[in-house]
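Here is a friendly briefing to read alongside the structure.

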Amino acid sequence: MKKIIILMFLVPSVNLFSQEPQIDKDVKDYAYVSKDGPNRKDFGHFYFGLGCMTGNPTDSGKIIPVASFNFISGYRYKRKISNCYALGYDISYNLKNYGILQDTLKVFPNKITHDKEKLVNNNFEFEVFNRINIGKRGDILGFYIDFGPYFDYIFSARFKTYEYAENEKTVFKDLDYTNWFEYGIKARIGIDRYILFASWRLSDMFVKKYNYPELSRLIIGLQIGLFK
Amino acid sequence: MIRVFRVRLIILLIADIFFVSSVSAQNQNYWIFFKDKNDVIFNPSAYFCSKAIERRHKSGISFDSTDYPLNESYVESIRKIAENLYYQSSWLNAVAVKCNSSQIKEIVSFPFVTGVKRIEMVSKTCAYKYDTRVKDDWNDLLKKQTERMQGSLFRKNNINGHGVRIAIFDAGFPGVDKNPIFESIREEGRIIKTYDFVRGKENVYRHNQHGTMVLSCIAGMIDTVSMGLATGAEFLLARTETFTEPYSEEVNWMAAVEWADKNGAQIISSSLGYNYKRYFDTDMNGHTSLVSKAANLAAKKGILVITAMGNEGDSRWTMLVTPADADSALSIAGIDPEKDIHISFSSFGPTADWRMKPNVCAYGEAIVAGSHKLEKAYGTSFSTPLVAGFAACALQLRKGLKNMELFKDIERSAHLYPYYDYAHGYGVPQASFFTGDYKIPEPTFSFEVHGDTVTVKIKHELTPETTIIYNKNEYIYYHIANKNNVLEKFAVLNEWDETLLEIPLEKLSDDKVLRVHYKGYTASFKAADKDKYQKVSGEERLAGNY
């Protein structure tokens with residue numbers, strides 16, 4: 001019985017290794033089958049990016065530009081309408097980290113200064129955009145300009161303070177002074193997978209009754225598309 | 001204050017990007033096509049060099065209107081309006097100009113202008129540089145890159161491309177004027193002419209070394225060791241590209257082709273291609289791109305155009321680049337020197353209108369000479385000049401051959417012929433076909449039908465002296481072609497046992513053909529003719545009757 005079982009394993013094994021394909025091509029599977037290239041009717045890709053808050057002269061909430069950043073990871077889809085115009089949508093995760101400048105003029109969230117303070121928002125974002133393509137091209141994204149509105153759902157807002165001498169970090173959750181939503185407009189200039197973006201928040205970050213100065217509305221950064 | 005300055009700087013940067021792009025968009029490059037060449041007087045003896053006239057005469061190709069220069073009054077009218085008129089094409093009956101939108105509107109109103117086309121081209125040189133280290137095993141590859149084409153048979157017969165003129169189009173040739181690897185070419189005065197079409201000057205011995213590397217695969221000599229086969233050929237060197245990967249103008253390629261024709265080129269070796277940055281894959285049909293049309297025109301003038309398939313085999317593009325899609329261009333794929341089959345990056349055929357490509361193949365990895373040192377380089381950029389050198393030797397041996405006859409003979413000489421596929425074409429060209437050393441292959445397998453399966457079995461009565469072994473790897477090649485000879489499937493298998501292959505007969509319905517190649521022998525099987533199949537003997541191959 002044992003011998004029969006061993007034989008049963010060996011026989012299919014011999015057939016499996018009788019010919020080893022070095023090349024094996026079904027022509028209909030690779031030749032002229034591409035329907036979803038960058039300049040085809042439908043195209044979507046993942047991307048990630050990093051932006052920085054630049055500060056805003058009309059709002060008095062001071063942030064530290066270097067310590068204030070926006071990390072983005074998302075998926076962007078476009079439907080080609082013509083060679084120079086497309087419509088699309090974008091779904092992304094946004095981490096927006098606002099480093100609060102610690103000085104004597106600080107008022108948000110109070111006048112108490114710490115070694116470090118930051119407001120960290122975790123957002124899901126949805127955006128619709130118009131795309132204008134410039135220049136003739138083959139099956140590539142080419143040179144393009146995107147613009148359109150976005151809407152964020154802030155699913156997590158945390159305020160954190162740090163005291164290095166005491167090795168203390170305090171995290172405040174369920175902030176009642178931040179809005180749970182955000183909206184604004186975005187624009188991008190891209191060459192294939194390399195994109196320069198800017199966003200401007202139209203909505204207020206804080207609930208009005210608290211009368212806090214708004215933090216930076218403008219974010220500028222770079223994105224890289226993840227596609228061949 | 002600093003914050004305000006930063007925002008203003010960012011806004012200025014974005015505005016600059018728009019400004020630059022709008023300024024550069026004002027002046028564009030165009031082809032302007034003329035309706036006729038009336039009243040033009042043409043004297044071939046004054047225009048063409050003697051070698052060009054000789055080539056036309058041998059090929060039975062007469063001078064026609066495409067050889068006449070342009071109507072000078074038309075040219076002057078355009079020159080007065082355009083910002084810059086930088087090229088005149090006799091073949092296209094057109095001029096290349098740079099002008100703005102209001103100038104182009106004025107030009108279009110001329111009664112002798114039949115069409116206007118924007119020139120915007122992105123090209124790639126087909127080089128895939130991988131390793132620049134000097135390794136101990138380079139000597140083996142250096143020998144094999146010519147020996148795989150049986151280069152020793154040419155050398156034994158003192159055949160080195162002597163008297164054949166090859167034009168090379170590339171991104172620059174630094175070091176060719178100084179590198180000892182090209183010393184014999186220089187000392188014997190076999191660089192006939194050079195021209196830099198990018199800068200409009202004669203000096204091509206600058207810029208990107210890609211062209212130097214390509215030339216070394218045709219005619220480089222390391223002491224007495226040949227890097228290519230045509231070490232005795234003559235050369236026309238043209239710089240048509242600005243820098244490696246990716247930008248160039250189509251007009252430079254066009255200009256170089258007409259210049260090569262005028263200066264007697266018999267072979268053009270072009271390791272350049274245009275891909276997804278300008279076209280869709282469905283444009284690879286041999287008549288969409290201007291360079292493809294130019295390659296076909298060059299063939300009509302009697303020149304054998306040899307061009308690279310491209311290095312998109314493992315990218316999303318996958319397919320050949322243009323002008324490899326041109327019907328009359330000999331398109332060269334790359335193979336791996338160790339495995340002796342398709343190298344992963346080599347682009348696949350067929351063309352978008354389902355014509356067979358590539359035509360043949362050669363090593364896609366080679367030892368090349370850069371401007372300062374030897375390197376190991378990868379790309380169909382280097383399989384192309386290896387075949388160009390082969391073609392020059394074949395032409396030296398068979399002087400009476402016309403370009404398309406040479407084209408067909410190179411295909412017939414290849415090691416898999418008459419078998420073909422969309423990775424290898426007909427295989428690697430073999431010198432024995434031209435030197436008379438060709439051995440007629442004996443059958444190495446047979447077909448047997450058992451029930452609903454056709455089996456391919458090794459013939460045990462093989463004898464070493466009649467079996468052609470090209471390499472240590474024992475591969476079985478097979479394809480299934482439809483009734484229009486378009487392949488539906490192709491594969492390369494390792495031989496493992498007596499039964500080489502089994503195919504269900506249902507896969508051969510509707511007049512499909514199963515074609516198998518093993519150890520130099522090719523045979524076909526059709527389901528309708530279970531007891532008979534086509535065989536190709538050595539006599540049929542030499543007569544070209546297959």
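In chain A, residues 24 or more positions apart account for 63% of the contacts with a separation of 6 or more; two residues are in contact if their C-beta atoms, placed from the backbone, lie within 7 Å. The corresponding share in chain B is 75%. This is a predicted model, in which local features need pLDDT of at least 70 and side-chain atom pairs count only at pLDDT 80 or more, while totals for chains, interfaces and linings use all residues. Residues are numbered from 1 along each chain as its sequence is written, and chains are lettered from A and ligands numbered from 1 in the order in which they are written.

**Chain A: overview**

- Chain A has two helices and 10 strands, where helices (H or I, at least four residues) and strands (E, at least two) are DSSP runs numbered from the N terminus.
- Starting at the N terminus, the elements of chain A follow the order α-β-α-β-β-β-β-β-β-β-β-β.
- Of its 228 residues, 27% count as buried; a residue is buried if 20 or more other C-beta atoms lie within 10 Å of its own, exposed if 12 or fewer, and partly exposed in between, with C-beta atoms placed from the backbone.

**Chain A: strand pairing**

- Strands β3 (residues 69–82) and β4 (residues 85–99) of chain A are antiparallel partners over 13 bridges; two strands pair if DSSP finds at least two bridges between them.
- A hairpin with two residues connects β3(A) to β4(A), and A:F71 sits opposite A:L95 in β4(A).
- β4(A) also runs antiparallel to strand β5 (residues 116–134) of chain A, joined by 15 bridges; here A:Y93 has A:F124 of β5(A) as its bridge partner.
- Strand β6 (residues 143–163) of chain A is joined to β7(A) by five bridges, again antiparallel, with A:E163 opposite A:E168 in β7(A).
- The hairpin of β6(A) and β7(A) has four residues between the strands, and A:N167 in that hairpin takes a positive phi near 55°.
- Zero of the five residues of strand β7 (residues 168–172) of chain A are buried, so this strand lies largely in the open.

**Chain B: overview and domains**

- Chain B comes to 15 helices and 24 strands, and 48% of its 546 residues count as buried.
- Its domain assignment lists domain 1 (26–118), domain 2 (124–435) and domain 3 (445–543); such bounds come from an automatic or database domain assignment.
- Contacts link 14 residues of domain 2 of chain B with 15 residues of domain 3 of chain B.
- On the domain 2 side of that contact in chain B, nine residues are nonpolar, one is polar and four are charged. Ala, Val, Leu, Ile, Met, Phe, Trp, Tyr, Cys and Pro count as nonpolar, Asp, Glu, Lys and Arg as charged, and the others, Gly among them, as polar.

**Chain B: the parallel sheet**

- Seven strands of chain B make an open, parallel sheet in the order β7-β10-β6-β11-β13-β14-β15.
- At its edges are β7 (191–196) and β15 (360–363) of chain B, each pairing on one side only.
- Neighbouring strands of this sheet are turned by 20° against each other on average, direction ignored.
- Helix α10 (residues 250–262) of chain B packs on the sheet, where it touches β6 (165–170), β7, β10 (234–239) and β11 (267–270), and its direction makes about 155° with that of β10(B). Axes are lines fitted to C-alpha atoms, for helices over the stretch in contact, and angles run from 0 to 180 degrees between N-to-C directions.
- Strand β14 (residues 329–335) of chain B runs parallel to β15(B), with four bridges joining them; B:I335 stands opposite B:Y363 in β15(B).

**Chain B: helices**

- Eight of the 11 residues of helix α11 (residues 290–300) of chain B are buried, so the helix is largely enclosed by the rest of the structure.
- Those buried residues pack against α10, β11, β13 (304–308), β14 and α13 (403–413) of chain B; among them are B:L290, B:V291 and B:S292.
- After α11(B) comes B:G302, with a positive phi near 100°.
- The axes of helices α9 (residues 210–219) and α12 (residues 380–397) of chain B come within 7 Å and cross at roughly 35°.
- The contact of α9(B) with α12(B) has nine nonpolar, three polar and no charged residues.
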